[in-house]
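Subject: Handing over a structure, with notes on what was found

Dear colleague,

I am passing a structure on to you, and I would be grateful if you could look through it alongside the notes in this email. Please keep the structure open while you read.

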Amino acid sequence: MPTLRQLIIDLLHDEMVNAIDISQILSIREKEVYDHLAHISRSLNAKGEKLLIDPYCCLNCGFVFKDRHRFNRPGRCPQCKGGHIRMATYTIVNK
Ligand SMILES: [Zn+2]
């Protein structure tokens, strides 16, 4: 049986998904998804692949969290202090 992490990798090969999609498809908590993503991101390098991230973005002012290194959701926008943040999405691509 494939591991949970392998299932997430398969999903990321197929399409662009966000952490909520992954948590719902695999019935795990969103927080767990972020832990797996961090690990997957580090391990892909060895296989000549990388995790492509379309970063979190503020729906109020358009601020893009492109320098964010953590995977979990930002609480609010540093620019306008708004709390409506679009989810980051992820997919796996060849380097
Ligand atoms: Zn903003």
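This is a predicted model: local features need pLDDT of at least 70, side-chain atom pairs count only at pLDDT 80 or more; totals for chains, interfaces and linings use all residues.

The metal site

For comparison, the ideal angle for four tetrahedral donors at a metal is 109.5 degrees.

Cysteine 77 is buried, because its relative accessible area is 1% and buried means under 20%, whereas cysteine 80, with a relative accessible area of 28%, is partly exposed.

Lysine 81 has a positive phi of about 65°, although this residue is not a glycine. Lysine 81 sits in the loop between β3 (57–58) and β4 (85–86), and with a relative accessibility of 52% it counts as exposed.

How the helices pack

Helix α3, which covers residues 30–44, packs with helix α2, which covers residues 19–26, at an angle of about 110°, and the axes of the two are 9 Å apart. That angle makes α2 roughly perpendicular to α3. On the α2 side the contact is formed by Ala19, Ile20, Ile22 and Ser23, which meet Glu30, Val33, Tyr34 and Leu37 in α3; sorted by class, this contact has 6 nonpolar, 1 polar and 1 charged residues.

Helix α1, residues 4–14, also packs with α3, here at an angle of about 75° and with the axes 10 Å apart, which makes α1 roughly perpendicular to α3. Leu4, Arg5, Ile8, Ile9 and Leu12 in α1 meet Glu32, His36, Leu37, His39 and Ile40 in α3, and by class this contact has 6 nonpolar, 2 polar and 2 charged residues.

Residues in and around these helices

Leucine 37 lies in helix α3 and takes part in the contact of α3 with α2 as well as in the contact with α1. Leucine 37 is buried, with a relative accessible area of 0%, and when residues up to four places away in sequence are not counted, it touches Leu12, Ile22, Leu51, Phe71 and Tyr90. From C-alpha to C-alpha, leucine 37 and alanine 88 are 12 Å apart in space, while 51 residues apart in sequence.

Histidine 36 is likewise placed in helix α3, and at a relative accessible area of 13% this residue is buried. Apart from its neighbours within four places in sequence, histidine 36 is in contact with Leu4, Arg5, Ile8 and Ile28.

In helix α2 you will find serine 23, which is buried at a relative accessible area of 11%. Not counting residues up to four places away in sequence, serine 23 touches Ile28, Arg29, Glu30 and Val33.

Serine 27 lies in the loop between α2 and α3. Although serine 27 is not a glycine, it has a positive phi of about 55°, and with a relative accessibility of 65% it counts as exposed.

A residue in strand β2

Lysine 50 lies in strand β2, residues 49–54, and is partly exposed at a relative accessibility of 37%. With its neighbours within four places in sequence left aside, lysine 50 is in contact with Leu44, Thr91, Ile92, Val93 and Lys95. As for where lysine 50 stands relative to cysteine 80, the two are 30 residues apart in sequence and 31 Å apart in space, C-alpha to C-alpha.

Key:
Residues are numbered from 1 along each chain as its sequence is written. Side-chain values use heavy atoms; hydrogens and water are left out. Buried means under 20% relative accessible area, exposed over 50%, partly exposed in between (1.4 Å probe, protein chains only). Axes are lines fitted to C-alpha atoms, for helices over the stretch in contact, and angles run from 0 to 180 degrees between N-to-C directions. Helices (H or I, at least four residues) and strands (E, at least two) are DSSP runs, numbered from the N terminus. Angles under 35 degrees count as roughly parallel, over 145 as roughly antiparallel, 65 to 115 as roughly perpendicular and the rest as oblique. Contact means heavy atoms within 4.5 Å. Ala, Val, Leu, Ile, Met, Phe, Trp, Tyr, Cys and Pro count as nonpolar, Asp, Glu, Lys and Arg as charged, and the others, Gly among them, as polar.
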